[in-house]
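This report goes through one protein chain, from single residues to the overall fold and back. The sequence and coordinates come first.

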Amino acid sequence: MNFVKLFTDYKIDFNTRVNRGWTNVTCPFCDDKTFNGGFNDAGDYFHCWKCGGHDFKEALTRVVNISFNEVDILIEQYAGRNSLLNKLNKKQAKAIQLTLPTNTFTPAERKYLKQRNFSPKLLHEKYKIVGGGITGAWKYRIIIPLILDGKIVSWTGRSILSKQKIDELKIPRYKNLSIEQSVIDPKSILYNLDNCMSKTAVLTEGAFDVMRLGDGFFCSFGTELTQAQIIEIKNRFSKVFIMFDNEVEAQIKARKFGLQIASMGVDVEIVDAYGDFDKNDGGELTESEVQIIRKELGLNAC
Ligand SMILES: [Zn+2]
């Protein structure tokens, strides 16, 4: 949607530089004084960096100050050119709603999780994790949905095959849903944000680290961060611990992105919590070690 033209026509202050791919206004749902309310340029999605997600049409009626009956006409009126140009120029999230490939696990998928000390049932309930099944594009993978404001907006699938088998088949260990198939570009947000509601949070390397360590932990599915993700971190948190895997490459990335996040005014601390327990990543931690780390970082037990 062409929010720039819409807000210009209606003389509403906006800012397109807060977050790439979003047009921001003062949020009409909270006491926001700046530009925390973002309309996603690619789709019908509204998210406030202070108070969370809201119904897109309601956000639009409040911001533009029109009635609910008029909003569909307005959307139609300002759709088109801008979004069409964007679509021609770059890959964009196009999906409106996502349905997971299955809603359960095969015995092999269950075994994969249990061997890593995870309860398939708990992961399914809390993180909407499912298996990919034995046929189709997501076969032999654990599907890890990327969720924002309770809605599945993309996912990645972790292979359950052995390292040897993965190399033999030349398939990726993690396979991502494409940008076009996603509701939101997965490189613009972070994993587990819905469970990071305090101003302090911990950035880990992988989604399994996050699921092992619980609320207050988030990740970007790897050691890379995009500019949009760094801005997202700045908007949400005042203190961030970076806890990447215990290997040289990962620690170099932790320092690099730590400096970038700190330069935006966030208090950043790089921690070597795994090394303290002689472990390499979150997957290797026991439950009591998890609780010790949570306590040391000032997070509540969970
Ligand atoms: Zn708000």
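Leaving aside neighbours within four places in sequence, with which residues is Leu74 in contact? The model is a predicted one, and in it Leu74 is in contact with Leu60, Val64 and Ile66 once those neighbours are left out. Leu74 lies in helix α3, which covers residues 71-78. Leu74 is classed as partly exposed because 17 other C-beta atoms lie within 10 Å, while a buried residue needs 20 or more and an exposed one has 12 or fewer. Asn40 is 34 residues from Leu74 along the chain, and the two C-alpha atoms are separated by 16 Å.

**Overall fold**

The secondary structure consists of twelve helices and twelve strands. The C-alpha atoms fill a box of roughly 60 × 45 × 30 Å along the principal axes. For 302 residues, a compact globule would have a radius of gyration near 19 Å, and the value of 20 Å for this protein therefore agrees with that expectation. Buried residues account for 35% of the 302 residues. Of the contacts between residues at least 6 apart in sequence, 52% join residues at least 24 apart.

**Domains**

The domain assignment divides the protein into domain 1 (3-89), domain 2 (107-185) and domain 3 (190-296). Between domain 2 and domain 3, the C-alpha centres lie 21 Å apart. Twelve residues from domain 2 and seven residues from domain 3 take part in the contact. On the domain 2 side, α6 (120-127) and β6 (141-148) each supply at least two residues. The largest share of that side, four residues, comes from β6. By residue class, the side of domain 2 that touches domain 3 divides into eight nonpolar, two polar and two charged residues.

In soluble globular proteins, nonpolar side chains tend to be buried together. The largest nonpolar core here has 64 residues. The residues with the most contacts inside this core are Tyr191, Ala207, Val210, Phe218, Cys219, Val240 and Ile242. For Val240, the contacts beyond four places in sequence are Ala201, Leu203, Ile233, Ile261, Val266 and Val268.

Val202 is found in strand β9, residues 200-204. With 26 other C-beta atoms within 10 Å, Val202 is buried, since the cut-off for that class is 20 or more. Its contacts, apart from neighbours within four places in sequence, are Gly216, Phe217, Phe241, Met243 and Leu297. Leu213 is eleven residues from Val202 along the chain, with 9.6 Å between their C-alpha atoms.

**Strands β1 and β2**

Which residues of β1 point one way, and which the other way? Trp22 and Asn24 point one way, Thr23 and Val25 point the other way, and all are buried. Strand β1 pairs with strand β2 (residues 37-40) in the antiparallel sense, over four bridges. Within this pairing, Thr23 stands opposite Phe39 in β2.

**Exposed loop residues**

| Residue | Loop between | Other C-beta atoms within 10 Å |
|---|---|---|
| Lys11 | α1 (3-9) and β1 (22-25) | 6 |
| Asp55 | β4 (52-54) and α2 (56-64) | 12 |
| Lys170 | α7 (163-169) and β8 (174-176) | 6 |

Asp55 counts as exposed with 12 other C-beta atoms within 10 Å, because the exposed class takes in counts of 12 or fewer. Asp55 and Tyr45 are ten residues apart in sequence and 7.4 Å apart in space, C-alpha to C-alpha.

Most residues other than glycine have a negative phi. Phi of Lys11, however, is near 55°, a positive value. Lys170 also has a positive phi, near 55°. Lys11 is exposed, with 6 C-beta neighbours inside 10 Å, and Lys170 is exposed with 6 other C-beta atoms within 10 Å.

Conventions
Residues are numbered from 1 along each chain as its sequence is written. This is a predicted model: local features need pLDDT of at least 70, side-chain atom pairs count only at pLDDT 80 or more; totals for chains, interfaces and linings use all residues. The radius of gyration is taken over C-alpha atoms; the globule rule is 2.2 Å times the number of residues to the power 0.38. Two residues are in contact if their C-beta atoms, placed from the backbone, lie within 7 Å. Domain bounds come from an automatic or database domain assignment. Ala, Val, Leu, Ile, Met, Phe, Trp, Tyr, Cys and Pro count as nonpolar, Asp, Glu, Lys and Arg as charged, and the others, Gly among them, as polar. A nonpolar core is a set of buried Ala, Val, Leu, Ile, Met, Phe, Trp, Tyr and Cys residues joined through C-beta atoms within 7 Å. Two strands pair if DSSP finds at least two bridges between them.
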